[in-house]
Amino acid sequence: MKQTTHPPDHRPADARNGAATAAAPPPASGRKRRRPTSQQWAAWGFLAPVTLYLALFYAYPLYRNLDLSLRNYTVRSFVQGDAPFTGLENYRKVFDDPTFAPALLHTALFTAVCLVFQYAIGLALAVFFNQHFRLSATLRALFLVPWLLPLIVSASTWSWMLNTDSGIVNAALHALGIGPVNWLTSPTWSLTSVIIANIWIGVPFNLVVLYSGLQSIPAGLYEAAALDGAGAWRRFWSITFPLLRPVSAITLLLGLVYTLKVFDIIWIMTKGGPADSSTTFATWSYQLGFGNLLPAFGPGAAVGNLLVVAALVFGLVYVRVQRKQALS
């Protein structure tokens, strides 16, 4: 029998593969979608509570606060829900209010001074406790007490300590031959009083976070710097402070967001007075919305939204700076 031979295929390999692919039958167009696997259902199950929590306690309150600031709500319309839309009228009222400028200044001073002193004192204490001396852990735990106390207890304690007639602070000043100071009832000292109380409450948070950051710095760097003749200050400015920048940034950001919205301490100690001398945006927003017989829900919500925008701006600045540092 004569055997037939075929000439060899001299086409490139990709052409031959393309021809084979073209000869293959097309896939069925009516293929059913894959059903979620058990792992995917488990992932959605774990994600659902977080999503529900964020929607109920963050997204919805923010939406309601924005809606309040864009409508003319009264007590009746707040219940019935038929408030007329006024646009940015409530924000115009807030900006034209004579309380706006003092409240803005007090908020800026209160936030800036508290942040600086809380961070400086917290960093100094973190470096001090990083020496690991005897009773270091015990003393460090005692410094957490102001942070663990409820704010109403801390503010009430400071109100008693700074009382003009029976406060322990004026008693100590009297022992030193200094006259009494009207800490809570004087327009000159009321803002200083609430700043001191808030610094005392915020120092433990800075101490804990910065102390944790110090633990991540290798001890070999300090040993090498000491062998090169670097003193304590040189080691701090050349090793400790630069390597603590990421931890310091998040500490200051969280402290900023917390300090912007401080309400309990100021309201319990001074109620924003006397004569609005310690009024901040947080206390002013409460006064507008709930502190009067005829509440101004719209302007109060507008002031609260200004605080949200300020915190959001600083948060975006932090994210941008961190991204630049990561790229560099």
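1. Asn90, Tyr91, Val94 and Phe95 of helix α4 are in contact (heavy atoms within 4.5 Å) with Gly298, Pro299, Ala302, Val303, Asn305 and Leu306 of helix α16. The residues of this contact divide into 7 nonpolar, 3 polar and no charged, where Ala, Val, Leu, Ile, Met, Phe, Trp, Tyr, Cys and Pro count as nonpolar, Asp, Glu, Lys and Arg as charged, and the others, Gly among them, as polar.

2. This is a predicted model, in which local features need pLDDT of at least 70 and side-chain atom pairs count only at pLDDT 80 or more, while totals for chains, interfaces and linings use all residues. Residues are numbered from 1 along each chain as its sequence is written, and side-chain values use heavy atoms, with hydrogens and water left out.

3. The pLDDT (the predictor's confidence in each residue, from 0 to 100) averages 85 over the protein, and 89% of the residues score at least 70. Over residues 18–23, however, pLDDT stays under 50, and the model has 1 contact beyond four places in sequence for this stretch.

4. Helix α4 (residues 89–96) and helix α16 (residues 297–327) pack at an angle of about 80 degrees with their axes 8 Å apart; helices here are DSSP runs (H or I, at least four residues), numbered from the N terminus. Axes are lines fitted to C-alpha atoms, for helices over the stretch in contact, and angles run from 0 to 180 degrees between N-to-C directions. The two helices, α4 and α16, are therefore roughly perpendicular to each other, a term that covers 65 to 115 degrees.

5. The largest pocket has a volume of about 850 Å³, a volume being the space filled by probe spheres set on the grid points, which are joined across faces, edges and corners. A pocket is, on a 1 Å grid over the protein atoms alone, an open set of points where a 1.4 Å probe fits, with protein on both sides within 12 Å along at least five of seven lines, and lining residues have an atom within 4 Å of a point. Of the 26 lining residues, Leu62, Asn65, Gly304, Leu307 and Val308 lie nearest the centre of the pocket. Helix α16 gives the most to this lining, with 10 residues, and by class the lining has 19 nonpolar, 6 polar and 1 charged residues.

6. Two backbone details deserve a look. The peptide bond from Gly273 to Pro274 is cis, with omega near -5 degrees.

How values were computed. Angles under 35 degrees count as roughly parallel, over 145 as roughly antiparallel, 65 to 115 as roughly perpendicular and the rest as oblique.
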